[in-house]
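Hi,

Here is the structure for you to look over. My notes follow below it.

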Amino acid sequence: MICIEENSHSLSDFQTCEYRYRYSVIDLLSTPDEKYPFQRGSGVAKYLFYWYTARQKRYTWDKLKRLEWKLLTRMTKDKAFINNEKQEDDTLHIMSRMKGYFEKYRTESYRVIGVEKGFTEVLYENKNVLFTYSGRPDLVVDFGEQGIGPIDHKTESRRSDLTLFQNQFLGYCWATKSRFGMINYVGLQKDSKDNEVLRRVFFSFTDEQIEKWREDTIRWYYRIMYSRINKNYLRSWRCDGKYSVCPYYSLCTSSSQNEEKMRVNRDYVKLEERYRSW
């Protein structure tokens, strides 16, 4: 039996460009330094994890406020909010934004069920293949009448709503057997007020939409399987990314295998193991 496990990141990599998938998932290549927007976003997510874990444990009002003070104090020593490339320190700004976040959402009534709780679910199985899909929603909460659903934190430097029909949100709803979820935007713009950039966007899908995602994803898994078995990956010739060009652009533009190998050794690090959602 052939077993294939993917998550929203690896699946989207393959759908974007099979070569990107090869470099990232098969060859386990990564750039040495994380891009600052991702570094900063990971820092914010860490403090939200602590805060929502306390919410899940149902801290009293006073105990929660004491925790918030400790988190804000800890941020003063956190290097995640320092942009070394541009020699900029965003620590005080992000502390202020997180303080505004705590104050705005401290009294919300959603019951927190899970905080960064990972899953691996069987997408499809027969006598020849086992396809599993994994993920880790930032939160799973009880929305009340709408039922249980996932919440995903997103930091942004400028206001821009994400497309809802994507692997991450549809996959989370499929795995959690929910039809309703929310994106929790934490805007980090310096020229905006908290009430303008701390916002929520709700989404919902029908049973038919989620099932169609599952059916299409099974077909993508077969394409991934054939590419991996044959060790034959197709370039998409699309090299743009969210913040810059594809991180593997220099490898695809190498004029020879020797030059590609030289650039791998010079510009990339090899991870010890594949990224997993949990």
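**What turned up**

Ile2 sits in strand β1 (residues 2–7). Helices (H or I, at least four residues) and strands (E, at least two) are DSSP runs, numbered from the N terminus. This is a predicted model: local features need pLDDT of at least 70, side-chain atom pairs count only at pLDDT 80 or more, and totals for chains, interfaces and linings use all residues. Residues are numbered from 1 along each chain as its sequence is written, and side-chain values use heavy atoms, with hydrogens and water left out.

Ile2 is partly exposed, at 34% relative accessible area. Buried means under 20%, exposed over 50%, partly exposed in between (1.4 Å probe, protein chains only).

Next, Ser254. Ser254 lies in the loop between α9 (249–252) and α10 (257–267). Ser254 is buried, with a relative accessible area of 16%. Its side chain has a polar atom 3.1 Å from the backbone oxygen of Ser250. The Ser254 side chain also reaches the backbone oxygen of Leu251, at 3.1 Å. Beyond neighbours within four places in sequence, Ser254 contacts (heavy atoms within 4.5 Å) Glu259, Glu260 and Arg263.

Last, two backbone angles. Most residues other than glycine have a negative phi. Leu28 is not a glycine, yet has a positive phi of about 60 degrees. Leu28 is in the loop between α2 (18–26) and β2 (29–30). Leu28 counts as buried, at 13% relative accessibility. Lys177 also has a positive phi, near 55 degrees. Lys177 is in the loop between α6 (167–176) and β10 (180–187). Lys177 counts as exposed, at 66%.

Best wishes

Terms used. Polar contact = N/O pair within 3.5 Å; in protein donor to acceptor, adjacent residues only side chain to side chain.
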